[in-house]
Amino acid sequence: MKFIEDSRVKIPSILHLIQLGYTYLSLKDTTWDASTNIFTDIFYAQLKKINTNLSEKEAEKFYAEVSLTLENEDLGRAFYKKLIDQSGIKLIDF
């Protein structure tokens, strides 16, 4: 019997996450950076929402820093430190 990943794993997972309140984002309808897997439009909008006094230039500089952090081969430790950092620009509104 042939295992079909879409019907056995992907679609049920997507449906379950939608029921939990997540929003499905199709790659066809959005702008995303393939090297980081970040939806850039959403990233900038939410970054400005959390950091209200952030300029466009500062947001672009911060995105470049995050992109470099994600390229590290430290299993995400550098990104995690940036994520929980309480000084400077925030990625999460705790």
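This note goes through the fold, the core, the salt bridges and one surface patch of a predicted model.

1. Overall fold. The protein chain holds four helices and zero strands, and its order along the sequence reads α-α-α-α. The radius of gyration is 17 Å, well over the 12 Å that the globule rule gives for 94 residues, so the chain is more spread out than a compact globule. Along the principal axes, the C-alpha trace spans about 55 × 30 × 25 Å.

2. Burial and surface. Of the 94 residues in the protein chain, 18% are buried. The accessible surface amounts to about 7700 Å², and carbon and sulfur atoms hold 56% of that area.

3. Nonpolar core. The largest nonpolar core contains 10 residues: Ile 38, Phe 43, Tyr 44, Leu 47, Leu 54, Ala 59, Phe 62, Tyr 63, Val 66 and Leu 91. Helices α2 (40-50) and α3 (56-70) each supply at least two residues of this core. The most comes from α3, which gives four residues.

4. Ala 59 within the core. Ala 59 is one of the core residues. Leaving aside residues up to four places away in sequence, Ala 59 touches Tyr 44, Leu 47, Lys 48 and Leu 54. Tyr 44, Leu 47 and Leu 54 are also listed in the core, while Lys 48 takes part in a salt bridge.

5. Leu 91. This residue lies in the segment after α4 (77-84) and is a member of the largest nonpolar core. Leu 91 counts as buried because its relative accessibility is 17%, and the cut-off for buried is under 20%. Its contacts, not counting residues up to four places away in sequence, are Phe 43, Leu 47, Ile 50, Phe 62, Phe 79, Lys 82 and Leu 83. Of these, Phe 43, Leu 47 and Phe 62 also belong to the core. Leu 91 and Asn 51 are 40 residues apart in sequence, with a C-alpha to C-alpha distance of 8.6 Å.

6. Salt bridge Lys 48 to Glu 56. A search of the whole structure finds two salt bridges. In one of them the side chains of Lys 48 and Glu 56 meet at 2.2 Å, N to O. Lys 48 is partly exposed, with a relative accessible area of 30%. Glu 56 also counts as partly exposed, at 40% relative accessibility.

7. Salt bridge Lys 82 to Glu 65. Here the side chains meet at 3.4 Å, N to O. The pair links distant parts of the chain, with Lys 82 in helix α4 and Glu 65 in helix α3, 17 residues apart. Glu 65 counts as partly exposed, at 33% relative accessibility. Lys 82 is also among the residues that Leu 91 touches.

8. Nonpolar surface patch. Ile 11, Ile 14, Leu 15, Ile 18 and Tyr 24 make a nonpolar surface patch of about 460 Å². Leu 15 lies in helix α1 (residues 5-19). With a relative accessible area of 48%, Leu 15 is partly exposed, because the partly exposed class lies between under 20% (buried) and over 50% (exposed).

Key: Residues are numbered from 1 along each chain as its sequence is written. This is a predicted model: local features need pLDDT of at least 70, side-chain atom pairs count only at pLDDT 80 or more; totals for chains, interfaces and linings use all residues. Side-chain values use heavy atoms; hydrogens and water are left out. Patches are made of residues with over 30% relative accessible area and no salt bridge: like charges are joined within 9 Å, nonpolar side chains (Val, Leu, Ile, Met, Phe, Trp, Tyr) within 5 Å. Accessible areas come from the Shrake-Rupley method with a 1.4 Å probe; for residues, only the protein chains shown count as cover. A salt bridge is a side-chain nitrogen of Lys or Arg within 4 Å of a carboxyl oxygen of Asp or Glu. Buried means under 20% relative accessible area, exposed over 50%, partly exposed in between (1.4 Å probe, protein chains only). Contact means heavy atoms within 4.5 Å. The radius of gyration is taken over C-alpha atoms; the globule rule is 2.2 Å times the number of residues to the power 0.38. A nonpolar core is a set of buried Ala, Val, Leu, Ile, Met, Phe, Trp, Tyr and Cys residues joined through side-chain atoms within 4.5 Å.
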